[in-house]
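Dear colleague,

I am handing over the structure below, together with some notes on what was found in it. Please read the notes with the sequence at hand.

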Amino acid sequence: MRYILVFLAFASAAFAVEPSEMLDDPVLEARARELSKGLRCLVCLNENIDDSNAGLAADLRILVRERLTEGDTDVEVVQYVVDRYGEFVLLKPTFSAGNYILWFSGPLLLIFGGIGAMVFIRRRSKAEPVLGLSDEEQEKVAKLLQD
Amino acid sequence: MYAELGQYAIILALIIAVIQAVIPMIGAQKGWNNWMALAVPTAQIQLILLILAFSALTYAFVVSDFSVRLVAANSHSDKPTLYKITGVWGNHEGSMLLWNLILALFGAAVATFGNNLPPALRARVLSVQAMIGVAFLAFLIFTSNPFLRLDPAPLNGQGLNPLLQDPGLAFHPPFLYVGYVGLSMAFSFAIAALIEGKVDAAWARWVRPWTLAAWISLTLGISLGSWWAYYELGWGGWWFWDPVENSSFMPWLTATALLHSAIVVEKRDTLKAWTVLLAILAFSFSLIGTFIVRSGVLTSVHAFANDPERGMFILFILAAAIGGALTLYSLRADKLKSASVFSTISRESGLVLNNLLLSVAAAVVFVGTVWPLVIEFSTGEKVSVGAPFFDLAFTPFMVVLAMALPIGAILPWKRAKIGRAIKPLWGALALSVALGALVWSLQTGGRMMGPIGITLSSWIILGALADLGTRARFRQIPLSGSLRRLRNLPRSDWGKVLAHCGLGLTIFGISAVTAWEVEDIRTAQFGESYNVSGYTFTLNTVEQIEGPNYSSLRGEVSATKGAESLLLYPEKRIFNVQQVPTTEAAIDMGLTRDVYVVLGDLQDNGGFAVRVYIKPFSNWIWIGTLVMAFGGLMSLFDRRYRVAAPSRKAVPIAAAPAE
């Protein structure tokens, strides 16, 4: 659909991670890639900085790599970025009180839906088959009997 | 002149839709046959008018009439003719006209081919269909008029987004729209059933083919979009959990649930109220998807507030349709009583589990999609919900679904002995676990995703085949007898097996490419070879070439592995009108792997940035969805839908021989 394109237009230009940005240490670079996949490119729609080729995404990618070379842990790097740009950069929202509904809606619906389904199945397995007449038909019978 | 004709046609269509919405409904309530009968010609005339309007707009695009504002804003005389035509729906106004055209198409189809429907039901269904039509025609005319003129007309247009100039994406919207709008049919049938207070096997037999047709189209539309993203966007991603994608995925999940629950209504005369609710929800998700995509609410709540006209209009349609339908449902659903009995271990229970998992999965996608809006409205803060969340919150439901699927599918109706019913599945289970273990032992330090995916997908596929084997009484009777039984199986049984196998194949493709993809990014110097996953890559040349409406940098990259030798030509294109660069990845597609090469920028040291991916088994993702859609098509052409649906009087018990 069309609107996907509006944002993809940012992404399509060339490609995201440039060879010049990459770290020489393959372990650090792999960590940088993994972290980048969870951080949002702020000017794009729901795109991570690893896939985006917007200028700001490149800045953030370099920032992540700088922090990693400084010796930060993964958590510290993410915290560093969040401190500067807010929780908006996290593609996976924090597991905090404000987001409980988001995190728990699936499991809760499954539990309640599951209970509902169990009750329904139980009732169906115990119910007597309805072999009687419908209201309409009973009315008809009553009418016929009257005549 | 023809633009005015198109304008006139849509206004006339609106007036006729109003008549179709009101008169047949009154007729059905009062039992006036000629009032009810009016639904048929009005539905047909609406289709004719909308074909006329759509043709007028298409003509304006083909001849590049820039005095029509929409054409000037979205087309260009240099554009290839194919993309002039697809450009008709490559914009908001044109795509809404297409939406209305498809809506009218479905309405006219029921009017024309629904002679075996009870007249009152047909009148009510068409009336509800026309109410949706009134809402969307009004939306088209008052907020998104495609026929507005421009004076003076510009010499040339502003062109179409280059990304849209691609066959995969050009045909993606019509498929999606047939899917979205097709679900309106299930909705209209659901509302009519609520008004009548009656749902029976015959009702389900009418609803299922329409839903199936919509589902097939939706499946194809989503696949096309995902395949397009894979080859066009330049990093081989195929699903992004983007809100726009989600808004097509939610109706798909709900429609899938609806397809399964409608079988229960048809065959076992139970699960009625739930099926009606699903029919309402499936179309509601289509409307919500339309709202999310069309209102601009995605970009931000503020963008929505700045230009609220269209968004408010759809929000109003949304509130009226969903609110009205659910209110009617709460008032009337208790009329829809179930008559049949089944035990806890039965196909019915299996399908209830299917519905539970699919609905909860759809709900998770829904909550994740609207969560940023909810938070921004309630606290003013901005949060993001992206792929990492959905991977974590959505996938478990699909894993459970995949585990339960072969068992639920093989259980007999009414009541089953679990031990006996799943006896044919033990072989499938053992084999799929063995396959998973084999893959696990072969891979070096890879993720668990691969082995688990292989186990689940082979469990689904082998389970479906085992089901087929049981049906054919394979190895119980002589082979020729089994083959004859296979040939004589109803097409819907074949459809079921194929659709389930398709799901297995898609799961296989997804897990294989996710687990074992290899990526390499580097600055390649001309003539210098390097090794990625067993392939030797060399950047031979980069040259400038000219396309019809773009210029391009084209690289030649050779890749060799043993006797295999490939030449790949990745491009970077700049479109002349928009000056937007796009990448054209060079992909050598194969059943076991794709070799995917992307050309980047010239680097300071004279080399070019080159990105290379080896993507194992990625095409099985789309082969799987195609098989799924084909399974749906087989079911659609099942005999019981082709022969006249049974009349309502003769329904309940003896419904099987439908002559």
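**Confidence in chain A**

Chain A has a mean pLDDT of 80, and 76% of its residues reach 70 or more, pLDDT being the predictor's confidence in each residue, from 0 to 100. This is a predicted model, in which local features need pLDDT of at least 70 and side-chain atom pairs count only at pLDDT 80 or more, while totals for chains, interfaces and linings use all residues. Residues are numbered from 1 along each chain as its sequence is written, and chains are lettered from A and ligands numbered from 1 in the order in which they are written.

**Chain B**

The secondary structure of chain B consists of 23 helices and 10 strands. For its 659 residues a compact globule would have a radius of gyration near 26 Å, and the 27 Å of chain B agrees with this; the radius is taken over C-alpha atoms, and the globule rule is 2.2 Å times the number of residues to the power 0.38.

Of the 659 residues of chain B, 55% count as buried, that is, with 20 or more other C-beta atoms, placed from the backbone, within 10 Å of their own. In helix H6(B), 17 of the 22 residues are buried, so this helix is largely enclosed by the rest of the structure.

With best regards

Note on methods
Buried ≥ 20, exposed ≤ 12 C-beta atoms within 10 Å, placed from the backbone. Helix = DSSP H or I, 4+ residues; strand = E, 2+ residues; numbered from the N terminus.
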